[in-house]
Number of protein chains: 2
Amino acid sequence: MAEKKSKITIYDISKEAGVSIATVSRVLNDSNNVNPKTREKITEVMEKMGYKPNAFARGLGLDTMKTIGILCADSSDTYLAKAVYLIEEALRQNNYDSLLCCTGYDFQNKQKSLDLLISKKVDAAILVGSNFLDTTVSSNNNYIKEAAKSIPIMLLNACFECQNVYSLFCDDLNATKSAVEFLVKKGRKKILYLYSSKSYSGVKKLEGYKEALKENNLSLSDDYIVYCNSNRDDVNGFVKTIEEVYEKGLRFDAVVSSEDYLAIAALKFAIKKGISVPKDLSIIGYNNSPMALMTQPEITSVDNRLEALSKQLVATLLGVLEGKEMPAKTEYKGILIERDSTES
Amino acid sequence: MAEKKSKITIYDISKEAGVSIATVSRVLNDSNNVNPKTREKITEVMEKMGYKPNAFARGLGLDTMKTIGILCADSSDTYLAKAVYLIEEALRQNNYDSLLCCTGYDFQNKQKSLDLLISKKVDAAILVGSNFLDTTVSSNNNYIKEAAKSIPIMLLNACFECQNVYSLFCDDLNATKSAVEFLVKKGRKKILYLYSSKSYSGVKKLEGYKEALKENNLSLSDDYIVYCNSNRDDVNGFVKTIEEVYEKGLRFDAVVSSEDYLAIAALKFAIKKGISVPKDLSIIGYNNSPMALMTQPEITSVDNRLEALSKQLVATLLGVLEGKEMPAKTEYKGILIERDSTES
DNA sequence: TTAAATTGTGAAAACGCTTACATTTAAAAC
DNA sequence: GTTTTAAATGTAAGCGTTTTCACAATTTAA
């Protein structure tokens, strides 16, 4: 009820409580060696005077502010946002705060943001999303290596082998492979693959698609692999892309997509064209995001274990920060969640 | 290419460059009074030695870390996430970082989070979303008043009159009213209102619905105002709620909803029941989020100017931080975006 | 009892930077 | 060629904590 621009310091408290600042500091850090009575007295005075420790001074002394940097390309992406949310929550429960940084998709900018966070003295950085790893120009990933010299780096949905870097990801290759095989078993032969990112996991998923076709002796044609190059919020951009390949005469009886929003676009395409789903066209999405439930029919999707991975990521990070030896790689299996956009 | 746990300080630089630490500090803060040659020399040495200023020491001296706290209930909510993204980006462009804090929907927790941010010495706090204001228990809003004594508080999508609090919001009452009137003009008479939040803007929207009916001499029945009490990701929970009122015999020829995801649920309900949209049922959503485009038909929605408001919010905040006098209230008009879920 | 160990406390030196003030140096004015 | 003024730099005192080390007071052990 009392304080303004809180200028009350440890000195004021020490004076009022009749002890030295060292003792006050001790109760602040609940150091063991302080008489219960003194402690009580001091706590009381602090309360009364509305004392708020100065975080900067504290940081200067302790060399940590209990803050973790979270980087993500775009927090308005539902999927990434969910991860950020889960991570942030778990960290808070463990008394760490999060400094969020949305970097966009440009590598130069990612590097800059990471540097910035390090300069703000975060205790670690979490890179959320596979787009932090470049699969084409490997030197683009040097910024991670460099940063890892200063603080632990956590990767969600990507894998990068390097000292002080910890990767947690889903086995996207096999998850996609299973999804395709699921369709093959239902008799689908012309399976369209939709993707929108050449990120680390993007590449893995595509490999999974290819492997599945090969191993099932189905013809593999580049025509059936379509890159959707729109803004992720622009469903109609995706729909248009699909319509275009359709107009060109390409026919397909199933769609596997690297993201749920692509599956939604596929469904929208089907409804517009009057194609029956799942009878004439089966559709599978990826991420198992809430989006997959919003449509009618609902969309079968690969659950890539975001929730579990996020939790494990924080657990691993906490371990690392405590100086424990932790696994550098953690891989979870994806799970196909069957819904109405595929035949049961 | 060089540094490790950067222990190089301003002293090392000053020694190497043959100047005093004051001068080094001056180039760090690009103070004007320093000889260009000296500046160059120092910058060079800094570069060479891989100097990174210590943010804590800096903060202690300057009493600011150029960091803004952003609070939102749940960053995995597409709508809030978008706002967070826009704000974060605008702040970064102005050399401020953001400390993100997801509070959940409990008031006690909101208060705690805000205190925490203040203790971390943020320069201001932005509360994103109308759920930070309690319209029923007004004492629940004291935490804002209290916090405003320490730092400027920015409210997005809510309005709270108080010293050092700045509110930016959409005129939700009239926006909703217009939406309802739009339907009335098309001859709709039995308009269902769907809402899921009793937040500040939630209340305004509902008022708008009521006013519109009254002013158009349509009967106003509580049966037509349905509260949807599910988790926002649980579309099917909402669908079920609508189904229930339908099973009870309630009939309606239009739905106005306080959020796009409710409109999506309404559409899903209609498709399941075989009700034709927009012919037999017109649907209007709110927020004009990307979601509204994902369906077929696409959903008519009220654009509540999130983008404009976010931008204006940051502009206002920057003004406040520079000590300028800024308007405590900024209100934008909503815009109805017509799509296929209503007749043209 | 007395020596040794333990516990609680205080004094003062960091921590790495900013900045008011003092001082030197250079440029401008006369 | 002085004197005035301005520009560039240095000195040192903070900023609000933590923490080492020393010391006193209290137990415990012998």
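This is a predicted model: local features need pLDDT of at least 70, side-chain atom pairs count only at pLDDT 80 or more; totals for chains, interfaces and linings use all residues.
Ground rules: local features need pLDDT of at least 70, and side-chain atom pairs count only at pLDDT 80 or more, while totals for chains, interfaces and linings use all residues. Residues are numbered from 1 along each chain as its sequence is written, chains are lettered from A and ligands numbered from 1 in the order written, and side-chain values use heavy atoms, without hydrogens or water.

**Helix contact, chain B**

I looked up helix α8 (residues 172-185) and helix α9 (residues 200-215) of chain B. They pack at about 40 degrees, with axes 7 Å apart. I then listed the contact residues (heavy atoms within 4.5 Å). Among them are B:Leu173 and B:Val180 of α8(B), and B:Tyr209 and B:Leu213 of α9(B). The contact residues divide into five nonpolar, three polar and eight charged.

**Aromatic pairs**

I found 16 aromatic pairs over all chains (ring centres within 6.5 Å; stacked under 30 degrees between planes, edge-to-face over 60, the rest tilted). A:Tyr195 and A:Tyr227 form a tilted pair, 5.1 Å centre to centre and 50 degrees between the planes. A:Tyr195 lies in strand β6 and A:Tyr227 in strand β7 of chain A, 32 residues apart. A:Tyr195 is buried at 11%, whereas A:Tyr227 is partly exposed at 33% (relative accessible area: buried under 20%, exposed over 50%, partly exposed between; 1.4 Å probe, protein chains only).

In chain B, B:Tyr193 and B:Tyr209 are stacked, at 4.9 Å and 25 degrees. B:Tyr193 is buried at 0%, and B:Tyr209 is buried at 1%.

Note on methods: Axes are lines fitted to C-alpha atoms, for helices over the stretch in contact, and angles run from 0 to 180 degrees between N-to-C directions. Helices (H or I, at least four residues) and strands (E, at least two) are DSSP runs, numbered from the N terminus. Ala, Val, Leu, Ile, Met, Phe, Trp, Tyr, Cys and Pro count as nonpolar, Asp, Glu, Lys and Arg as charged, and the others, Gly among them, as polar. Rings of Phe, Tyr and Trp (its six-membered ring) pair if their centres lie within 6.5 Å; planes under 30 degrees apart count as stacked, over 60 as edge-to-face and the rest as tilted.
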